[in-house]
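Here are some exercises to work through with the model open beside you. Try each task yourself before you read the solution.

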Amino acid sequence: MKILVWDLPTRLFHWLFAASFVVAYLSAGEDNWLDVHVFSGYLMLVLLGFRLVWGFVGGRYARFSSFRFSLGEGLGYLKQVLAGSARRHLGHNPAGSWAVYLLLGLAFLAGSSGLVTLAGQEGQGPLAAWVPYASGEVFKEAHEAVVNAMLAMVILHLAGVALESWRHRENLPRAMLSGSKAGAPEAAAPSSRRFSALFLVAAIVAGGLWYFGGAAVTARAHDAGYKINRSIDPRETPVRITATPYWKGKHEYIPASVWHSPRVGSKANCVACHQNAERGLFVGAAIPTDVTAKLAMR
Ligand code: HEC
């Protein structure tokens with residue numbers, strides 16, 4: 001018969017966590033989407049916190065104690081899956097358990113490195129006062145590496161779910177939606193915990209309203225002066241704008257031949273590429289087409 005396995009908060013967590021990853025991934029690297037990107041990162045961290053608590057007070061199959069498998073057991077189970085001898089588990093199987101642990105750990109690293117990057121690069125978020133521009137740059141690299149590891153883990157998880165669904169002839173994604181699976185009545189989780197689910201949803205909605213209602217991070221893409229300033233070591237007094245780390249970072253991929261071309265001539269000739277430079281706008285720069293054509297760039 002069909003019995004309850006995944007309580008409602010566990011299911012909500014699962015799908016919201018997946019959604020926060022997808023949204024964060026798709027909104028990455030775009031100044032215009034920074035507020036959405038940061039929100040999905042916060043959401044991921046909040047969900048992570050919830051899941052850690054739920055692992056102790058949640059329903060029968062949501063508790064960490066119900067899927068406490070060693071790494072050896074996880075790897076052993078993977079081998080059995082490949083050999084076609086893996087036993088069906090009502091809750092998380094040993095390999096799936098490790099997917100859960102690793103995804104939660106990576107989410108923590110992704111979220112926290114994101115917060116440091118946000119503080120360093122944009123001077124915003126809870127850590128803004130503590131992170132200088134240069135560390136923001138370093139953490140951005142780390143953030144990206146962690147997220148790629150997380151993406152790899154997501155793909156492995158999806159492959160595992162597909163394989164297990166097929167081998168045991170049961171639709172695991174649907175079970176994560178409905179909460180129920182075929183099993184003996186005495187194995188059922190006692191309650192779907194609707195009240196806790198309601199609390200989780202209310203907390204997220206309240207957080208969303210607070211964030212988008214004014215606390216949202218805004219990209220300071222147009223605020224070049226602000227970023228240039230922040231990128232300067234406070235102990236130094238740079239003489240030229242082209243000597244600031246921010247300026248160098250934005251222009252490092254431009255080859256020397258462009259700077260030396262007659263149309264540009266010098267790094268100080270901002271207007272050559274920034275057509276609106278005289279109005280103080282530096283977005284949407286373009287290296288003059290006659291220069292790019294001659295150099296066969298892009
Ligand atoms: C050879 C062409 C060229 C010259 C000259 C040049 N830039 Fe740029 N600049 C670029 C390109 C290309 C970008 C990258 C635009 C992007 O990332 O979309 C850029 C980016 C920038 C940005 C970042 C804009 C953003 O929103 O990311 C600032 C600020 C900037 N330049 C300021 C300057 C200043 C100030 C000068 C003059 C001292 C200058 N640039 C000279 C080509 C140039």
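Helices (H or I, at least four residues) and strands (E, at least two) are DSSP runs, numbered from the N terminus. The model is a predicted one, in which local features need pLDDT of at least 70 and side-chain atom pairs count only at pLDDT 80 or more, while totals for chains, interfaces and linings use all residues. Residues are numbered from 1 along each chain as its sequence is written, and side-chain values use heavy atoms, with hydrogens and water left out.

**Exercise 1. The shell around the ligand**

Find which element gives the most residues to the shell around the ligand.

Solution. Start with the rule: a residue is near a molecule or strand if one of its heavy atoms lies within 4 Å of it. There are 21 residues around the ligand, and the closest are Lys250, His251, Cys270, Cys273 and His274. Next, look at polar contacts (pairs of N or O atoms within 3.5 Å; within protein, one must be able to donate a hydrogen and the other to accept it, and residues adjacent in sequence count only if both atoms are side-chain atoms). Trp247 has a polar side-chain atom 3.3 Å from a nitrogen atom of the ligand. In the side chain of Lys250, an N or O atom is 3.0 Å from an oxygen atom of the ligand. Now sort by element: H9 and H10 are the elements that give two or more residues to the shell. H9 gives the most, with four residues.

**Exercise 2. The iron site**

Which protein atoms are donors of the iron atom of the ligand, and what is the geometry of the site?

Solution. Donors are N, O and S atoms within 2.8 Å of the metal (3.2 Å for Na, K and Ca); water is not among the atoms, so sites may look incomplete. The protein donors are NE2 of His251 and NE2 of His274, 1.9 to 2.0 Å from the iron atom. For geometry, six donors count as octahedral if opposite donors are over 155 degrees apart and all others between 65 and 115. The six donor atoms here make angles of 88 to 178°, and the site is octahedral. Since His251 lies in helix H9 (residues 245-251) and His274 in the loop between helix H10 (256-260) and helix H11 (289-295), the pair ties together parts that are 23 residues apart in sequence.

**Exercise 3. A salt bridge**

Find the partner of Glu170 in a salt bridge, and decide whether Glu170 is buried or exposed.

Solution. A salt bridge is a side-chain nitrogen of Lys or Arg within 4 Å of a carboxyl oxygen of Asp or Glu. By this rule the count is one salt bridge. The partner of Glu170 is Arg88, with the closest N and O atoms 2.9 Å apart. Glu170 sits in the loop between helix H5 (133-167) and helix H6 (172-178), and Arg88 in the loop between helix H3 (71-83) and helix H4 (94-122), so the pair ties together parts that are 82 residues apart in sequence. For the last step, buried means under 20% relative accessible area, exposed over 50%, and partly exposed in between (1.4 Å probe, protein chains only). Glu170, at 17%, is therefore buried, whereas Arg88, at 29%, is partly exposed.

Conventions:
Tetrahedral: all angles 85-135°; square planar, octahedral: opposite > 155°, others 65-115°.
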